[in-house]
Amino acid sequence: MMEESGGETRHMAIPHVLYRPEPGKAAFRNPTGIAVDSRGNVWVANAGSDSVTEILRKGGYRKKLTYGGPATHFDHPHDLAIDRLDDVWVVSRHGVTALYAKDHQYQEAIYLSQRPYSVHFRERYAAVDPNAPWPVSLWITGSKHQLLHIYGTPGKMKEDLARVDDSVFGTPRKTLEGVAVDNRENLVLANRGGSFLTVYLQKYHGKLRKRVNWTTLRDRAPDGKLVPFKNPPVLLAFDPKDNLWVSAPGTGRMTINYADAHYIQADTFFNLNNPPMNSRGIAVDAKGTLWYTEHDNGLLSHKPARFSHDHYIGPKATTSYDLKDHGKRFHPRRIAIDDRGNVWMTGDEGVMRVNPPEVAPVKTPLLGLPKAP
């Protein structure tokens, strides 16, 4: 694995809107997961208030959806994903809830409790298969070895639970984290122990059988032996070329694994900020630019897409935006990008939307504070 320095870091200010927690309104309390639907509306999972909030593209909030607590449907929701039908799937501590988008009313229509399964969804991730045989195909990592697949059409949903065998991980530590599916239907799982697990879904008609042929990706040492990656992978994102961007929070490194080399060949880029980068969110925009948050530093950073012979050649300088609001630092977590190129982030202080300089200013109510529901 080749390693390159990230070079100097340029710090810049950036236009932003901060959606603050406000009692009695559509509060953002300990927000975590974030996603954008096809209409440009932004969805946020609030772990601290057992709720989901939708921020409308036209400005204001649609409504706050709260079911609340372990006895019902939302209990500390950590992540959410939006399928091809605009259904919103929320992963929480005790199960998975679907908010079906029929007529865009988002009525809660299905709840899958973890109780029939030995799965703990807390602090785990969800991803949608963009080219599955069904309009809904959702992959969710569970605790340790577990992977839940929900698929079908609204009203005719099925769910399968797959258990990844110990031998597949290839490392002593076995904990599934991030999950992603590329446009060629490769399913990739991140093992915090220091490896990637990949399987070609099309070979299995879009779903996993009891026994599948996983490919385990590890680093290659100078002596030729396969060893765990030094940067334990957690967060995953694909770019338009199907290259896999990976973040290992707390290590100060970002890795790109190349699609043309079956994700085995990779380059690693150091982040030279002090304190080191603790990236809790990554995303790639339509131009292939990588965006990532730096929670401890209160920064949003990006690397433009520059490739030579399909291999990434990053700029010598990383551009980082200092996320401050009225002199106080915003500590970003997860990240999502809308169709206009605006970057949305959850953070300790609420939800922030930033307007990068290369993106034309958005002259809509989003530039002002949202209205109460």
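**Close-up views: a hairpin and its aromatic neighbours**

W89 is buried, and so is Y100; buried here means under 20% relative accessible area, with exposed over 50% and partly exposed in between, using a 1.4 Å probe and protein chains only. This is a predicted model, in which local features need pLDDT of at least 70 and side-chain atom pairs count only at pLDDT 80 or more, while totals for chains, interfaces and linings use all residues. Residues are numbered from 1 along each chain as its sequence is written, and side-chain values use heavy atoms, leaving out hydrogens and water.

View 1. Of its 373 residues, 58% count as buried.

**View 2. Strands β8 and β9 form a hairpin with five residues between them.** Look in the turn for D86, which has a positive phi of about 75°. The two strands, β8 (residues 79-82) and β9 (residues 88-92), run antiparallel and are joined by four bridges; strands count as paired if DSSP finds at least two bridges between them.

**View 3. W89 and Y100 meet edge-to-face.** A pair of aromatic rings is described by the distance of the centres and the angle of the planes. Rings of Phe, Tyr and Trp (its six-membered ring) pair if their centres lie within 6.5 Å; planes under 30 degrees apart count as stacked, over 60 as edge-to-face and the rest as tilted. By this rule there are seven aromatic pairs. The ring centres of W89 and Y100 are 6.2 Å apart and their planes stand at 80°, so this pair is edge-to-face. W89 belongs to β9 and Y100 to β10 (residues 95-100), so the pair ties together parts eleven residues apart in sequence.

**View 4. W291 and Y321 form a stacked aromatic pair.** Their rings are 6.2 Å apart, centre to centre, with 20° between the planes. W291 sits in strand β27 (residues 290-294) and Y321 in strand β31 (residues 318-322), so to speak a link between distant parts of the chain, 30 residues apart. W291 is buried, with a relative accessible area of 1%, and Y321 is buried too, at 2%.

**View 5. Y19, F28 and W344 form one aromatic cluster.**
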